[in-house]
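Hi everyone, thanks for coming.

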Amino acid sequence: MYLPPHDPHVDDPMRFKPLFRIHLMERKCATVECMYGHKGPHNGHIQIVKKDEFSTKCNQTDHHRMSGGRQEEFRTWLREEWGRTLEDIFHEHMQELILMKFIYTSQYDNCLTYRRIYLPPSSPQDLIQPGLFKGTYGSHGLEIVMLSFHGNKAKGTKITGDPNIPAGQQTVEIDLAHPLQLPDIENLRDFSELSRIVLEVQEQVRREEQEREQQQQEEHSQQAASQPASPLGGEGAEGEETAAGAEGTTQDKASASQPFVLPMGVISRNEDYPRTCRICFYGTGLIAGHGFTSPERTPGVFVLFDDDRFGFIWLELKSFSLYSRIKVSFQNAQAPSREAFDEMLKNIQSLAT
């Protein structure tokens, strides 16, 4: 298991924790040992469910328990997961969320299912190298997000989740066709000024979507009344040309840097964020109540700092998430094709839903 560093230190390396091991014996026999808990290796079971999926089961779950009961287990888990004690956490809401996470994870420590995850494919037009990033999520602590590029969009998909937004959901979506021109550093401190800029772009995006839908309806009506349009012409080809042009402009803008500071009133778990950025884009972030209730996409600002770090300002929450690249080398994790990667994204989202 790869665990993120302790909150809020996103630039620290990932932590490694073995979960099971397999001893290959003679005559095609093997023994499986569960490594979970604090009493050493013990008897386990492994089963291949289907292609790219297997499950493990512990046969001696008493090895996972502690003599001091659930309270000792919770305190040990808290030190390992968060690097602190419950007395260090004064915020009542944060205590509630941490306890909820402990209850969730300890329910499934005896039987786990593993599914293959592909790393996102890259292309020369990408803003930065896609991949896995550690991100701050307020009282939820650090979570793992996969950044991938899809034409004029970039998507951040949760690989680890929390009681509000589960793993597999698209936490942020970045509109690469709509870069944001931030105000000067003094005006940037004014949250209302940033909010005004973002909401204007949101309205522009809404109008463009309505125009595209109307244009598509008109084209369908014309095609129904006449012969089918040539597959080489029409909106699709123009859209690709526009996207390529936008990417070229974006790459030029991303080479320069500008001063950056969070507006007053925006909460950040990590105050050690970069004070210069390359470029910003309009985006949306997914928020929901506990148990993924009433999910909605809300406007925000994607901030590219450098090749390995980016941020997202959640406008409605007045909150800031800082993301830092995971620099672990995963072997044999590249997707065999773009189609295989897209299919994997759909599968993990359907599991979460």
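Let's start with a lining: around the largest cavity there are 9 nonpolar, 4 polar and 2 charged residues. The classes work like this: Ala, Val, Leu, Ile, Met, Phe, Trp, Tyr, Cys and Pro are nonpolar, Asp, Glu, Lys and Arg are charged, and the others, Gly among them, are polar.

Before I go on, a word on what you are looking at. This is a predicted model, where local features need pLDDT of at least 70, side-chain atom pairs count only at pLDDT 80 or more, and totals for chains, interfaces and linings use all residues. Residues are numbered from 1 along each chain as its sequence is written, and side-chain values use heavy atoms, with hydrogens and water left out.

Back to the empty spaces. Rolling a probe the size of a water molecule over the atoms shows where empty space is left. On a 1 Å grid over the protein atoms alone, a cavity is a set of points where a 1.4 Å probe fits but cannot get out, and lining residues have an atom within 4 Å of a point. Points are joined across faces, edges and corners, and the volume is the space filled by probe spheres set on them.

How many cavities of 30 Å³ or more does a search of the whole structure find? There are 2. The largest has a volume of about 110 Å³. Its lining has 15 residues, and those nearest the centre are Leu19, Cys34, Thr56, Asp109 and Leu112. Strands E4 (30–34), E5 (42–50), E6 (53–58) and E7 (111–115) each give at least two residues to that lining. Helices and strands here are DSSP runs, numbered from the N terminus: H or I with at least four residues for helices, E with at least two for strands.

The second largest cavity holds about 30 Å³ of space. Around it you'll find Trp82, Leu97, Ile98, Lys101, Ser139, His140, Asp162 and Pro163. By class, that is 4 nonpolar, 2 polar and 2 charged residues. Helix H2 (residues 92–107) gives the most to this lining, with 3 residues.

So where does this second cavity sit? Both domain 1 (2–115) and domain 2 (131–199 + 255–351) give residues to its lining, so it lies between them. Those domain bounds come from an automatic or database domain assignment. The C-alpha centres of the two domains are 27 Å apart. Their contact (heavy atoms within 4.5 Å) takes 21 residues from domain 1 and 20 residues from domain 2.

Now for the charges. Side chains of opposite charge can pair when their charged atoms come close. I'm counting a salt bridge when a side-chain nitrogen of Lys or Arg is within 4 Å of a carboxyl oxygen of Asp or Glu. The count by this rule is 24.

Here is one of them: arginine 269 pairs with aspartate 7, with the closest N and O atoms 2.3 Å apart. Arginine 269 is in the loop between strands E13 (267–268) and E14 (276–277), and aspartate 7 is in the loop between strands E1 (2–3) and E2 (15–16), so this pair ties together parts that are 262 residues apart in sequence. Aspartate 7 is buried, at 6% relative accessible area, while arginine 269 is partly exposed at 30%. For those words, buried means under 20% relative accessible area, exposed over 50%, and partly exposed in between, with a 1.4 Å probe and protein chains only.

Another salt bridge joins aspartate 175 and lysine 153 (3.7 Å, N to O). Aspartate 175 is in strand E11 (residues 170–180) and lysine 153 in strand E10 (residues 153–158), 22 residues apart. Aspartate 175 is buried at 6% relative accessibility, and lysine 153 is partly exposed at 28%. There is also a network of salt bridges linking Asp11, Asp306 and Arg309.

Let me finish with the whole protein. It has 6 helices and 18 strands, and its C-alpha atoms fill a box of roughly 70 × 55 × 35 Å along the principal axes. Of its 353 residues, 40% count as buried. One of these is isoleucine 144, with a relative accessible area of 6%, which lies in strand E9 (residues 142–150).

Conventions. On a 1 Å grid over the protein atoms alone, a cavity is a set of points where a 1.4 Å probe fits but cannot get out, and a pocket is an open set with protein on both sides within 12 Å along at least five of seven lines; lining residues have an atom within 4 Å of a point.
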